[in-house]
Amino acid sequence: MKSATTTPIERTTLSAATFERLITNVVHGTWKAGQKLPPERVLCQQLGIARNSLREALKAMELIGMLESRVGEGTFVCPRSEFLARPLLWAFTGTDHAELAELMEARALMEADLAGLAAKRATPQELKRIAATLDAMEHDIAGHQAVVDSDMAFHVAVGQAAHNEALANAAQLLRNVLKYWIHLKLMISRVPAQALGRHHAIYDAICKRDILAARALMQEHLDETSVLITQLTSSPTRSAGPKRKARPAALAAVSSDGA
């Protein structure tokens with residue numbers, strides 16, 4: 001693991017400087033996404049600070065979504081799309097249905113373009129990765145497990161195959177903001193299997209290098225998702241806000257004709 005190049009911090013600006021220095025390591029790529037941070041004692045030696053000051057800075061970075069602390073494992077750097085989505089999630093928590101609809105519309109447009117680019121640019125290895133996400137989703141469905149992660153993994157794999165990092169990252173930001181509602185949608189009976197069918201159709205179009213079909217199928221799939229999420233958030237048994245837990249009555253009231 002690459003060790004961060006650091007210099008001792010002046011004690012007069014200890015708290016702010018510690019936080020800024022640690023953020024710099026993430027933003028500049030000294031610490032990569034998924035990488036485990038050095039032990040606290042090592043960081044304290046590198047920065048010339050006490051452990052309490054370091055822990056305060058690390059907690060602040062966890063709060064904004066830059067770091068993830070795993071019990072018994074250590075502290076890890078979160079993917080950029082996750083911590084950039086955190087302020088967006090706060091901003092849109094409890095917003096009205098029109099704003100949620102705009103987010104879903106923006107996501108559908110981006111992902112349709114990504115699917116078209118994937119049909120044009122995907123390598124054989126990237127096609128295998130997309131296929132693997134379909135297998136994972138089938139496994140989750142068969143085991144009656146939550147499928148939100150394998151569902152989103154499909155979209156991530158398609159985005160990577162598009163070879164447009166800016167567009168893929170923007171779409172991932174919106175996926176992370178919408179993840180709560182995507183999860184609720186996938187709790188509806190028969191929706192996971194229907195979503196898997198849509199994914200297979202998109203994958204087939206990408207494999208055939210059919211750009212127009214891949215774009216159209218992805219757009220149709222996410223338009224259906226938008227309808228379902230709109231119905232969920234409009235249910236009289238729910239009030240908007242991603243911190244509320246799903247209620248079975250609300251889910252039962254939603255049509256399961258989409259994905």
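User: Is Glu73 buried, exposed or partly exposed?
Analyst: Keep in mind that this is a predicted model. The cut-offs put buried under 20% relative accessible area and exposed over 50%, with partly exposed in between. Glu73 has a relative accessible area of 45%, so the label is partly exposed.

User: Which residue does the side chain of Glu73 meet in a salt bridge?
Analyst: The N to O distance for this pair is 3.9 Å, and a salt bridge needs the nitrogen within 4 Å of the oxygen.

User: How many salt bridges does the structure hold?
Analyst: Some of them join up: Glu40, Arg51 and Arg55 are linked in a network. Another has Glu224 and Arg198 as its ends. The count for the structure is 9.

User: At what N to O distance do the side chains of Glu224 and Arg198 meet?
Analyst: Glu224 is buried, with a relative accessible area of 17%, while Arg198 counts as partly exposed at 26%. Their side chains meet in a salt bridge with an N to O distance of 2.7 Å.

User: How many residues apart in sequence are the parts that the Glu224 and Arg198 pair ties together?
Analyst: That bridge is the one at 2.7 Å, N to O. Glu224 lies in helix α10 and Arg198 in helix α9 (residues 191–207), so the pair ties together parts whose separation in sequence is 26 residues.

User: Which helix supplies the largest share of the negative patch?
Analyst: The patch is a surface one, formed by Glu99, Glu102, Glu105, Glu220 and Asp223. Helices α5 (97–121) and α10 (211–234) each supply at least two of its residues. With 3 residues, the largest share comes from α5.

User: What is the relative accessible area of Glu99?
Analyst: Glu99 is found in helix α5 and is one of the residues of the negative patch. Patch residues need over 30% relative accessible area. Glu99 counts as partly exposed, and its value is 32%.

User: Is Arg107 buried or exposed?
Analyst: Arg107 lies in helix α5. Beyond its neighbours up to four places away in sequence, it touches His155, Leu174, Arg175, Leu178, Ile182, Leu222 and Thr225. Its relative accessibility is 5%, so Arg107 counts as buried.

User: How far apart in space are Arg175 and Arg107, C-alpha to C-alpha?
Analyst: Arg175 is found in helix α8 (residues 165–186) and is buried, with a relative accessible area of 1%. Residues it touches beyond four places in sequence include Arg107, Glu111 and His155. Arg175 and Arg107 are 68 residues apart in sequence, and their C-alpha distance is 7.4 Å.

User: Zooming out, how many helices and strands does the protein chain have?
Analyst: Read along the sequence, the pattern goes α-α-α-β-β-α-α-α-α-α-α-α-α. The secondary structure comes to 11 helices and 2 strands.

User: What percentage of the residues in the protein chain is buried?
Analyst: The accessible surface comes to about 13,300 Å², with 56% of that area belonging to carbon and sulfur atoms. Arg175 is one of the buried residues, at 1% relative accessible area. Of the 259 residues in the protein chain, the buried ones make up 45%.

Methods. Residues numbered from 1 in each chain as written. Predicted model: local features only at pLDDT ≥ 70, side-chain atom pairs only at ≥ 80, totals over all residues. Heavy atoms only, no water. Patch = residues over 30% accessible without salt bridge, like charges linked within 9 Å, V, L, I, M, F, W, Y side chains within 5 Å. Areas by Shrake-Rupley, 256 points an atom, 1.4 Å probe, with all protein chains shown as cover. Lys, Arg positive; Asp, Glu negative; His and termini not counted. Charge placed at Lys NZ, Arg CZ, Asp CG, Glu CD. Helix = DSSP H or I, 4+ residues; strand = E, 2+ residues; numbered from the N terminus. Buried < 20%, exposed > 50% of the residue type's maximum accessible area, 1.4 Å probe, protein only. Contact = heavy atoms within 4.5 Å.
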